[in-house]
Amino acid sequence: MPLLTTALWYCQQLYTYLAHLLKWWSRYLQRKFTKNHSVRSEVNLLGHCAQKWKGETEQARQMREAYEELFWRHHVKYIRQVRRDNYCVLRAVLFQIFHQGIPLPPWMKAIDVLKLPEKLLYSQGCNWIQQYSFGPEQYTSSNILGKLRKCIDMLKNQWMEISSIKDPYERGNLCTALFGDENVEHQMYEGIKFIMLYQVIEAYECLNNKEHIASFFHLLFTRDTSLDPLSYMMNHLNSVGDKRGLDQVDMFLLGYSLEVKIIVYRLFKFHSGDFCVNYMEAYQRDWHEVSLLTEDDQHYDIPVVQI
């Protein structure tokens with residue numbers, strides 16, 4: 001009898017050990033195959049909320065109410081979580097552009113965007129663009145223009161390729177693969193940043209020539225830290241992806257540069273007029289729409305609408 005008891009005890013210990021080993025292996029495989037996906041798969045919005053905002057604090061109650069408002073009134077049924085770094089806004093917007101198959105903006109087709117760095121440097125005298133910084137990458141080479149061309153080329157080619165795919169399922173699979181390659185992602189985001197800088201330079205020249213510019217540029221150029229394109233690049237754009245994300249006025253600039261309307265649900269502003277903010281000018285209502293969800297104006301996820 002003692003022998004049987006001992007054998008049962010050892011079997012129980014072995015079973016517990018194997019269960020722990022299986023659980024560890026499962027978690028390892030999950031981390032291994034999902035850690036590189038900077039945009040996660042869709043999950044139920046209210047389920048996500050219930051898991052994250054438990055308890056009866058004032059903040060938790062407000063967040064639950066805000067999520068329910070999204071679910072019932074705005075028809076947001078799912079959420080895609082986005083990697084929490086200082087590229088998250090650019091990532092969330094570009095992922096939706098690619099996932100929806102939104103075409104390249106007409107202005108980017110009309111000019112040779114790959115030649116913009118040289119154009120700004122040699123034709124428009126913007127020699128200061130050689131101080132451009134590539135986010136968290138500590139790039140110190142003198143070949144800034146070549147690096148910029150590579151980033152712009154990556155953005156344009158990937159955009160054109162994925163927007164040409166008509167099958168949503170195939171396009172979704174390509175998005176999953178594309179947003180699992182950190183090197184490619186960072187190049188595309190730096191390409192977007194330079195496109196934003198180009199738009200600021202163009203608007204500044206129009207302003208000096210007394211020509212019409214989008215209204216948000218007036219706000220951008222009245223800040224002490226972005227009185228001109230150089231100060232905007234040095235004080236704001238160079239840090240994006242590294243030490244900071246985008247400010248509110250940058251959202252207008254991002255949408256303007258990529259020609260998309262950006263709708264942001266700011267959950268911490270629930271019960272106020274700033275709960276749902278549209279970053280667009282009145283004349284841009286026919287542009288394609290992308291939407292973001294934030295709990296703090298720092299990290300952004302993707303709300304998925306289903307009616």
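Me: Before anything else, what does "buried" mean here?
Reply: Buried means under 20% relative accessible area. Keep in mind that this is a predicted model.

Me: OK, Gln-158. Buried or exposed?
Reply: Gln-158 has a relative accessible area of 17%. The cut-off is under 20%, so Gln-158 counts as buried.

Me: Where is Gln-158?
Reply: Gln-158 is in helix α7, which covers residues 144-163.

Me: And what does Gln-158 touch?
Reply: Leave out residues up to four places away in sequence. Then Gln-158 touches Phe-98, Leu-178, Val-184 and Met-188.

Me: Phe-98, noted. Which residues have the most contacts inside the largest nonpolar core?
Reply: Phe-98 is one of them, along with Val-93 and Leu-254. That core has 74 residues.

Me: Which element gives the most to this core?
Reply: Helix α9 does, with twelve residues.

Me: What is Leu-254 in contact with?
Reply: Setting aside neighbours within four places in sequence, Leu-254 contacts Val-89, Leu-90, Val-93, Ile-192, Met-196, Leu-246 and Ile-262.

Me: Which residues make the contact?
Reply: From α9, Ile-192, Ile-195, Met-196, Gln-199 and Val-200. From α12, Asp-250, Leu-253, Leu-254, Tyr-256, Ser-257 and Leu-258.

Me: How does that contact split by class?
Reply: Eight residues are nonpolar, two are polar and one is charged.

Me: New topic: strands. Why is β6 largely enclosed?
Reply: Five of the six residues of β6 (residues 300-305) are buried, so the rest of the structure largely encloses this strand.

Me: Which way does β2 pair with β6, parallel or antiparallel?
Reply: Strand β2 (residues 76-80) pairs with β6 in the antiparallel sense, over four bridges. Ile-79 stands opposite Pro-303 in β6.

Me: And how many bridges for β5 with β6?
Reply: Two, also in the antiparallel sense. Thr-294 has Tyr-300 in β6 as its bridge partner.

Me: What is between the strands in that hairpin?
Reply: Five residues lie between β5 and β6, and Asp-297 in the hairpin takes a positive phi near 65°.

Key: Residues numbered from 1 in each chain as written. Predicted model: local features only at pLDDT ≥ 70, side-chain atom pairs only at ≥ 80, totals over all residues. Heavy atoms only, no water. Contact = heavy atoms within 4.5 Å. Nonpolar A, V, L, I, M, F, W, Y, C, P; charged D, E, K, R; others polar. Buried < 20%, exposed > 50% of the residue type's maximum accessible area, 1.4 Å probe, protein only. Core = buried A, V, L, I, M, F, W, Y, C linked by side-chain atoms within 4.5 Å. Pairing = 2+ DSSP bridges.
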